[in-house]
Amino acid sequence: MSEQRSKVDTTSWQGFTTRAVHAGYDPDPLTGAVNVPIYASSTFAQDGVGGLRGGFEYARTGNPTRAALEANLAAIESGTFGRAFASGMAATDCLLRAALRPGDHLVIPNDAYGGTFRLIDKVFSQWGIEYTVAPVSDVDAVRAAIQPNTKLVWIETPTNPLLNIGDIEALAEVTHAGGAKLVVDNTFASPYLQQPLLLGADVVLHSTTKYIGGHSDVVGGALITDDEELDTAFAFLQNGAGAVPGPFDSYLTLRGIKTLGLRMDRHSDNAEKLVELLVAHPKIEKVIYPGLADHPSHAVAAKQMTRFGGMISVLVKGGKEGAHELCSKTEVFILAESLGGVESLIEHPAAMTHASTEGSPLEVPVNLVRLSVGIEDSADLLGDIEQALG
Ligand SMILES: *Cc1c(COP(=O)(O)O)cnc(C)c1O
């Protein structure tokens, strides 16, 4: 079966965490196993040619552990179809190939995730795909960037690493008026804090490596949509190009999802406390956090997010050296790329995650430091940042 669907009816489960814990898998009728097994099988026996027992034939096309994850992803994003990928970039690559043809155009954020920008700018440009960058917080600028050949408007909100906010409802309206589809990379917010499909987005993308997996132990990606034609194209490319997660990765991601709601509340609690400390600190030039009343899009964030999440960016006094000093002195915060795990991480985007944007319109300030606030005890996190700032 090459185009197997993971269609779920979540209408009877309103609660996010109930869906996160249960959607996609019922206890195994044979053994009663409460958790989905890691189906380490690349192929599935057929009862006569074409006689598939559970709808599975070959594990690139579909695997029961992955199918459980995909149904769960659809349920937690309030979508109809979910597809899991080997990484967030594999999901991005699939979506771009499903939605665009040579000569097409897309709009991307002027502070897009570095890897997304690199893939579009260095790879898809070779196949005649054009792009325009626009700030996601400026609806008029996005409207002005839409051309007759625009097929996608791509946004992140909050953006990485500057935490700019795009008004999903307003952007869906201008995107649809321009005859294009709106993609929301929901990695930073997670579906617990923000539900883009319910606000009019056509596709939600995730790096499940981040909050969804949540434990920094697995790399993965996801696409969720209500658009059956797009989902059919995703399934075709999953099978046709093969960038799928294995059963163990699917299991780890599903295990992470069960506690997503609890973790996001704790990430948000800790971040709020840390923001308070940072705002008052003399070595900090500026704190960027959508929960702050002085964030330029605070009202939009408050309208479309249930809380403001665990990501904080700061401009440190003392330029690049000041940023490097802070990054090298923390003890609880680990100096590392990535985000969204239970452990707190700190990084210097200009030299690490966003080094590939140097000299481009997406270049980030040299004194910017990004914090991914984990779920540790807040007193230890506050103490660590205080000692590192000296
Ligand atoms: C990490 C990330 C990606 C890419 O995902 P990978 O799993 O690393 O391939 C895409 N978008 C955002 C916002 C990210 O943070």
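Is Asp 269 buried, exposed or partly exposed? Asp 269 is partly exposed, with a relative accessible area of 31% (buried means under 20%, exposed over 50%, partly exposed in between, with a 1.4 Å probe and protein chains only). This is a predicted model, where local features need pLDDT of at least 70, side-chain atom pairs count only at pLDDT 80 or more, and totals for chains, interfaces and linings use all residues. Residues are numbered from 1 along each chain as its sequence is written, and side-chain values use heavy atoms, leaving out hydrogens and water.

**The sheet**
- Seven strands make an open sheet of mixed pairing, in the order 1-7-6-5-4-2-3 (strands are DSSP runs of E, at least two residues, and helices runs of H or I, at least four, numbered from the N terminus; two strands pair if DSSP finds at least two bridges between them).
- At the edges are strand 1 (81–85) and strand 3 (130–134), each pairing on one side only.
- Strand 2 (residues 105–109) runs parallel to strand 3, joined by five bridges, and Pro 109 stands opposite Ala 134 in strand 3.

**Salt bridges**
- The count comes to 15 salt bridges (a side-chain nitrogen of Lys or Arg within 4 Å of a carboxyl oxygen of Asp or Glu).
- Arg 97 bridges to Asp 93, with the closest N and O atoms 2.3 Å apart; these residues are four apart in helix 3 (residues 88–99), so about one helical turn separates them.
- Arg 307 forms a salt bridge with Asp 269, at 2.7 Å between the closest N and O atoms.
- Arg 307 is buried, at 19% relative accessible area.
- Shared partners join Asp 265, Asp 269, Glu 272 and Arg 307 into one salt-bridge network.
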